[in-house]
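Please look over the sequence and the fold shown below before reading on.

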Amino acid sequence: MSQANLEWLRTLYDRYAVGETDPLFERLADDIEWVSSVSGSPALGTFSGRFHGPEGVRCYFQGLAQDWRITKHEMQEMVADGDCIAVRNSVEAVNRHTGKKAEVTTRHRLVLRDGKIQRFEEHCDDLTPLEAACRATGP
């Protein structure tokens, strides 16, 4: 993994942290597979699943934005192993329907090829805060 690849990837995360997703699309492979493994809860279904190609990734972000406003997305750690990159993030988001805040740790695994993101996998360490923020009543 070249230092240049790590730098542009860090820049993408920094840009996303301030709400900019357009730079990401410049780095997506045409045949990208984007996997958000936060499924298992109907409340999180708008951005869960497998998305293919840049248009599929746009659908992911549209689903996410439909239900959540990301208020913090901070990269905590990035580790490279060849063309595979592991990233740990601290994320805070507000559910647009309930106004409730959720704080979670997400883990991303990216596979790079020819300076592009070929595969992206997202996992959440604990879905409980997200599910709680989706409920109209209770804490």
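Helix H1 has 15 residues and reaches 21 Å from its first C-alpha to its last, close to the 21 Å expected at 1.5 Å a residue, where the expected span is 1.5 Å times one less than the number of residues. Helices (H or I, at least four residues) and strands (E, at least two) are DSSP runs, numbered from the N terminus. This is a predicted model, in which local features need pLDDT of at least 70 and side-chain atom pairs count only at pLDDT 80 or more, whereas totals for chains, interfaces and linings use all residues. Residues are numbered from 1 along each chain as its sequence is written, and side-chain values use heavy atoms, with hydrogens and water left out.

Within H1, the residues Asn5, Leu6, Trp8, Leu9, Leu12, Tyr13 and Tyr16 are buried, meaning under 20% relative accessible area, with exposed over 50% and partly exposed in between (1.4 Å probe, protein chains only). Seen down the axis of H1, these buried residues fall within an arc of 170 degrees, so they line one face of the helix; the arc is that of the directions from the helix axis to the C-beta atoms. An α-helix has 3.6 residues a turn, so residues three or four places apart point the same way. On the other side of H1, Gln3 and Ala4 are exposed.

A search of the whole structure finds one cavity of 30 Å³ or more, and the largest cavity has a volume of about 370 Å³. On a 1 Å grid over the protein atoms alone, a cavity is a set of points where a 1.4 Å probe fits but cannot get out, while a pocket is an open set with protein on both sides within 12 Å along at least five of seven lines, and lining residues have an atom within 4 Å of a point. Grid points are joined across faces, edges and corners, and a volume is the space filled by probe spheres set on the points. Of the 26 residues lining the largest cavity, Tyr16, Tyr60, His73, His108 and Glu122 are the closest to its centre.

The largest pocket has a volume of about 240 Å³ and is lined by 14 residues, of which Tyr16, Gly19, Thr21, Leu64 and Ile70 lie nearest its centre. Strand E3 supplies the largest share of this lining, six residues.

The protein averages a pLDDT of 91, and 94% of the residues score at least 70, pLDDT being the predictor's confidence in each residue, from 0 to 100.
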